[in-house]
Structures are given as C-alpha cells and as structure tokens.
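Have the viewer open as you read.

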Amino acid sequence: MHPYLFGIEALPSYIVFIFIGIVAAFICYRFLADKVTLDQKSFVFFGVAAIAATAIGFVFAWLFQMLYNFIESGEFGSGITFMGGLLGGIAIFFATYFLFGKKHKDQLPKFVSVATPCIVLAHGIGRVGCFLAGCCYGKTTSSFIGVRFVESIKSSGEYVMGDPRIPTQLIEAIFLFALFVALLLIIFKLKKPQLSILIYLYSYSIFRFMLEFLRDDPRGALVLGLSPSQALCILMLIAAVLTHVILARKKQS
C-alpha cells in the first residue's frame, strides 16, 4: 500500500504507526487511571514500569521474530512481532513489580484493568501500520476484499504491486478496535473491570489463532503445522484459564 508516508523514506508507515499507538496508549492510560481512581504514586510507578516494559518489549519482539525467521529459513533475519513483544513486556513489567512495587499491591488490579484496553488500542493502531507497510499479509484471493500490496520498489521509486491478498492486518485492526470499545463498556458501564483481562486473553487468543490460518507471510511452522504465533496463542489461552480460576477462587474466599 504505502510503505512510506507521503513517499518520504524517513517516515516508514509501520514505525510511525507504532509510535502513534504507544502515545495513544499512554494518553488512554492517563484518562482511564483517573476514572478508576488509581492513586498518584501507583500511577507514576506503574507508568514507569510500563515504559520500561514497552522499551524492552521491543527487544523481545525482535528476538522472537529472529526465531520465527530461523524456523522458516534457517537464517535469523530481522523484523519484530507483536506476540513476542507482548509476552516479553509483560514479563519485564511483573519483574519490576515484584522487585520494587509490592507496596502498590492493592492498586495492581486497577492498573491491569485499565492497561488492558490501552494495549489493545496500541495494537490496533499498529496493525493499521502493518496494512500500510504491506507486512503480515494474508493469502491471495479473488474476493472483492483483496488488496494489492507493494511487492518491491524499483530504483526509480515506483512501486511493484503483488497479487490481491486478504487484508488480515485490517481484519485484526477492526477486531482490536471493537474489543477496545467492548472493554471500556465492561469497565465503565458494567462496572466489572476485573473482567477486562479475561475478556482480552480469551478473545484475542482465539481470534488470533483462527486468523493465522489466513496469514501467508513466511514465519515457519511447528508441530502439527501450527505457526509460532498459534503456539503462543495456546499459551495465552492457558493463561486465561488459570487467571479465571484464580479470580473465581478469590471471589469464593
């Protein structure tokens, strides 16, 4: 589509939209934190921890993509992947929390409830960047929804377009924006913020697992022909079940 915004190589679409997504997520965090009355000290601590998790999450996103590339071709290559960044970022956040933030224990559920839609918002905006850049594409199709992405760029700067493909990036972006709205309704209309993380883990893991069958960008395959992202989706679903059980037991006690 448009690998570079306005044709300027210094403005790669993917990177620009990732930046916009991160900024939007932190603005959303500021707004939602006030709504759930997250105290100021906890707001600052969790915000700093989230910034660190985001920064180091990019390293994990890069390492996971290298692994994907190695599985596919035997070479490490380059790039980043959201699933790797998410898991790595969560690990760094909770490591920071357990080392330095246990005094904010009573505020952690509030943070998790508002951080979840913030992550979903950033991810949705990032997927729009994927669409413009032409990465994370779907299988070829003759359907009316098919989109032709840039396959290569000539020395003259002219784009060479490929065959029409399923716009899996936009499909995922639409799902994520709808999920973002749904999570806000769950938190503020239904008054059940504790459900936000469960809804996210269940819905996204199942949706992404199914969407992977439409993807066609090379990322390798694991056992039973599952992609690495599908394997991570299974882990995410297991985490959803465990979280569900823990919350249910706490409610009973």
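A crossing is called left-handed if the near helix is turned anticlockwise from the far one by less than a right angle, and right-handed if clockwise. Bear in mind that this is a predicted model, in which local features need pLDDT of at least 70 and side-chain atom pairs count only at pLDDT 80 or more, while totals for chains, interfaces and linings use all residues. Residues are numbered from 1 along each chain as its sequence is written, and side-chain values use heavy atoms, with hydrogens and water left out.

Start with helix H5 (residues 168-188) and helix H6 (residues 195-211), which pack at an angle of about 165° with their axes 10 Å apart. Axes here are lines fitted to C-alpha atoms, for helices over the stretch in contact, and angles run from 0 to 180 degrees between N-to-C directions; helices (H or I, at least four residues) and strands (E, at least two) are DSSP runs numbered from the N terminus. So H5 is roughly antiparallel to H6 (angles under 35 degrees count as roughly parallel, over 145 as roughly antiparallel, 65 to 115 as roughly perpendicular and the rest as oblique). Their crossing is right-handed. On the H5 side the contact (heavy atoms within 4.5 Å) includes Phe-175, Leu-179 and Ile-186, and on the H6 side Ile-199, Tyr-204 and Phe-207 are among the residues involved. By class, that contact has 13 nonpolar, 3 polar and 2 charged residues (Ala, Val, Leu, Ile, Met, Phe, Trp, Tyr, Cys and Pro count as nonpolar, Asp, Glu, Lys and Arg as charged, and the others, Gly among them, as polar).

H5 has another partner. The axes of helix H4 (residues 108-133) and H5 come within 8 Å and cross at roughly 160°, so H4 is roughly antiparallel to H5. This time the crossing is left-handed. Val-120, Gly-124 and Phe-131 of H4 are among the contacting residues, as are Ala-173, Phe-177 and Leu-184 of H5. The tally is 16 nonpolar, 5 polar and 2 charged.

Now for the strands. S1 (residues 147-153) and S2 (residues 159-165) pair in the antiparallel sense over 5 bridges (pairing takes at least two DSSP bridges). Arg-148 has Pro-164 of S2 as its bridge partner. The two strands form a hairpin with 5 residues between them, and Gly-157 in the turn has a positive phi of about 95°.

Last stop: charges. The whole structure has 7 salt bridges (a side-chain nitrogen of Lys or Arg within 4 Å of a carboxyl oxygen of Asp or Glu). One of them joins Asp-34 to Arg-30, with the closest N and O atoms 2.6 Å apart. Both residues lie in helix H1 (residues 13-35), 4 residues apart, about one turn of the helix.
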